[in-house]
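We'll take it residue by residue, with a stop at a pocket along the way.

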Amino acid sequence: MELEPELLLQEARENVEAAQSYRRELGQRLQGLQEARRQIKESASQTRDVLKQHFNDLKGTLGKLLDERLVTLLQEVDSIEQETIKPLDDCQKLIEHGVTTAEDLVQEGEIAIHGGVEQNEKLWNFTKKASHIQLDSLPEVPLLVDVPCLSAQLDDSVLNLVKDHIFKHGTVASRPPVQIEELIEKPGGIIVRWCKVDDDFTAQDYRLQFRKCTSNHFEDVYVGSETEFIVLHIDPNVDYQFRVCARGDGRQEWSPWSIPQIGHSTLVPHEWTAGFEGYSLSSRRNIALRNDSESSGVLYSSAPTYFCGQTLTFRVETVGQPDRRDSIGVCAEKQNGYDSLQRDQAVCISTNGAVFVNGKEMTNQLPAVTSGSTVTFDIEAVTLGSTNNNEGGNFKLRVTISSNNREVVFDWLLDQSCGSLYFGCSFFYPGWKVLVF
């Protein structure tokens, strides 16, 4: 049965589109193969250069160390030789002096004897002179067993030891044992997560580095046993490269670096409002320190930069004297004239762990805030539009506050809907320092 011309035309068009799509997919896979080939070639070339440079440096260092050791041993030989030869030189001088004295005495005695008894005075003088010379006193010459006999003590096993170390020195890894698993953007930061990809590798520590894509230099940002870290001070809409390596259990050297991953944050960094008399801010305005000023009140964010669905994090860097009126939290709008966020249209936690919703203290509370504590707010929209008037609001949010491995979950009713929220803090005594991200 033959198809209608229009159906044939339609089928032909679909086949052409399918072929074009197939060609595009194959092209993308060819490009992927080229990138994989390039990675192998470039990494192999770089590895060769690293190995050659390392072993050349090692060869030079070993040669220098051997030369230095040789010089030290030769100096030790010179020192022993000089110290032990000196007494022999002194003894030789004494013997040579005795030989000269004896030769002079022999010569003088032979002259006196040759003169016979007629030269009585010469014989007398010679005899008198000889009696004053101790002809029976000989200097002691040390035996050969009593003087040093230098030799070099060289342990041939050191060559085998060095050889074993050299043969085991260095490895070539086809894949790094760890790779970056996920990059999550945060306001003013990026959460980097990594994982092991080698089951036989036991990691003791990890080392994370990052750099702007326009920079040639990576810098350390984290060393530790965790597999997640938030990199702060990230400029928005700027690409950064991240890489991680690991140190095996009981080892000193670091593993090869993971394949660098590129990430960026499109979220505007959270900032505290500048110019508030009671607080001093960092250069990026993400850290607030309660100073000694007698001025009090709530320090708000510079803008409503927190959106539902995000995680807002406060990290307490240092603490001061706590007060039950202290507060860290979020609010629908700025309201001046209040000393705390323990008010309507706000949710917060006090430094003693008490949780307040629209100015009312909840029954559940969290642990007290201490130095190093992290307080997080996760807020999601639950209901939009009007609700039961008895509930007193027309916009419901589900709030989760976490601190010190504890959390409380509750609904927060607002008088009006809002797309974004302010955050804020208030402390009545100096010394409290809070980082927000």
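Start at Arg247, which touches Phe201, Thr202, Ala203, Gln204, Asp205, Gln252, Glu253 and Trp254, leaving aside residues up to four places away in sequence; a contact here is heavy atoms within 4.5 Å. Arg247 lies in strand 6. Strands are DSSP runs of E with at least two residues, helices are runs of H or I with at least four, and both are numbered from the N terminus. With 18% relative accessibility, Arg247 counts as buried, because buried means under 20% relative accessible area, exposed means over 50%, and partly exposed is in between, using a 1.4 Å probe and protein chains only.

Some housekeeping: this is a predicted model, so local features need pLDDT of at least 70 and side-chain atom pairs count only at pLDDT 80 or more, while totals for chains, interfaces and linings use all residues. Residues are numbered from 1 along each chain as its sequence is written, and side-chain values use heavy atoms, with hydrogens and water left out. pLDDT is the predictor's confidence in each residue, on a scale from 0 to 100. Its mean over the protein is 88, and 95% of the residues reach 70 or more. Watch residues 386–392, though: pLDDT stays under 50 there, and the model has seven contacts for them beyond four places in sequence.

How many lining residues come from helix 1? Helix 1 gives 13, the largest share. In total, 40 residues line the pocket, and Thr47, Ala173, Ser255, Pro256 and Trp257 lie nearest its centre. On a 1 Å grid over the protein atoms alone, a pocket is an open set of points where a 1.4 Å probe fits, with protein on both sides within 12 Å along at least five of seven lines, and lining residues have an atom within 4 Å of a point. The space inside is about 1,900 Å³, a volume being what probe spheres set on the grid points fill, with points joined across faces, edges and corners. By type, the lining splits into 17 nonpolar, 13 polar and 10 charged residues; nonpolar covers Ala, Val, Leu, Ile, Met, Phe, Trp, Tyr, Cys and Pro, charged covers Asp, Glu, Lys and Arg, and the others, Gly among them, are polar.

Helix 1 spans residues 5–114, and Leu74 is found in it. Leu74 is partly exposed, at 47% relative accessibility. Leu74 and Gln10 are 64 residues apart in sequence, and their C-alpha atoms are 95 Å apart in space.

Helix 3 (residues 157–168) is handy for a length check: at 1.5 Å a residue its 12 residues should span 16 Å, and the end C-alpha atoms are 17 Å apart, which agrees. The expected span is 1.5 Å times one less than the number of residues. Just after helix 3, Gly170 takes a positive phi of about 85°.

Most residues other than glycine have a negative phi. Arg285, however, has a positive phi near 60°. Arg285 sits in the loop between strand 8 (279–281) and strand 9 (287–290), and is partly exposed at 38%. Asn405 is another non-glycine with a positive phi, about 65°. Asn405 is in the loop between strand 18 (395–403) and strand 19, and counts as exposed at 85% relative accessibility.
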